Amino acid sequence: MRAKRAGALVISISLRETAQLPPGQAARVGDVARAEGEEAHSALQAPLSTPLHAPLHRVETIDVLAALRASHPDLTVVSVGKSETWLARPAPQKPVRPWLHVLRAVGSAFVLFCGAGLAITYFHADVDMRGAQETLVQTLAPGADVRWLAVPYCIGVGVGVLAFFRLFGGRGPSPLQLKLSAWSQQVDEFKREQVEERDHE
């Protein structure tokens with residue numbers, strides 16, 4: 001898409017993947033787009049007409065071009081990249097009392113711990129893990145107590161879970177972070193579909 005105007009100044013505009021502003025704050029072109037060119041800095045300060053309190057609003061390239069045409073009529077604007085982006089205005093979160101935050105964290109950890117413990121217990125019951133460990137111990141060391149194998153095994157399971165979720169630290173995202181990121185993207189996509197359905201009604 002290209003908006004041609006008289007004049008020698010040319011800038012290129014590309015929309016951002018996503019944009020976010022607090023409710024009530026006026027939007028500027030720079031909030032939803034990037035620009036290159038001699039007048040890029042000035043162009044990014046141009047006001048952009050958007051709802052001030054809409055939780056999610058679709059911004060198209062034509063909206064940005066209209067804003068630049070109104071504020072910089074002598075510019076030649078070249079649009080590259082995607083043709084639309086989404087401007088989110090999340091509602092401000094209420095402050096959470098520290099003791100309530102700790103209580104929620106402890107409660108969540110307890111529920112997850114119990115759930116993981118039951119899952120492992122039922123799995124071991126299904127495959128007869130105790131019988132397998134007793135057989136292995138009696139084969140390697142007849143007469144030895146099975147706990148010599150069971151205790152290190154339990155410790156290894158716990159350490160393996162901590163290492164898998166990278167609770168000890170490490171480079172790159174953990175599997176839990178990837179799951180949370182995928183879930184967040186799915187929620188955003190669902191909200192966008194709802195907005196598009198309302199626009200088509």
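## Surface patches and an enclosed strand

Glu-189 is partly exposed, because its relative accessible area is 39%, where buried means under 20%, exposed over 50% and partly exposed in between, with a 1.4 Å probe and protein chains only. The model is predicted, so local features need pLDDT of at least 70 and side-chain atom pairs count only at pLDDT 80 or more, while totals for chains, interfaces and linings use all residues. Residues are numbered from 1 along each chain as its sequence is written, and side-chain values use heavy atoms, leaving out hydrogens and water.

Glu-189 lies in helix α7, which covers residues 175-200, and together with Asp-188, Glu-193 and Glu-197 it belongs to a patch of negative charge on the surface. A patch is made of residues with over 30% relative accessible area and no salt bridge, with like charges joined within 9 Å and nonpolar side chains (Val, Leu, Ile, Met, Phe, Trp, Tyr) within 5 Å.

| Residue | Relative accessible area |
|---|---|
| Glu-189 | 39%, partly exposed |
| Leu-176 | 45%, partly exposed |

Strand β8 (residues 76-80) is largely enclosed by the rest of the structure, because four of its five residues are buried. Strand β2 (residues 10-15) pairs with β8 in the parallel sense over five bridges, where pairing requires that DSSP finds at least two bridges between the strands. Ile-13 has Ser-79 of β8 as its bridge partner.

Key. Accessible areas come from the Shrake-Rupley method with a 1.4 Å probe; for residues, only the protein chains shown count as cover. A salt bridge is a side-chain nitrogen of Lys or Arg within 4 Å of a carboxyl oxygen of Asp or Glu. Lys and Arg count as positive and Asp and Glu as negative; His and the chain ends are not counted. The place of a charge is taken as NZ of Lys, CZ of Arg, CG of Asp or CD of Glu. Helices (H or I, at least four residues) and strands (E, at least two) are DSSP runs, numbered from the N terminus.
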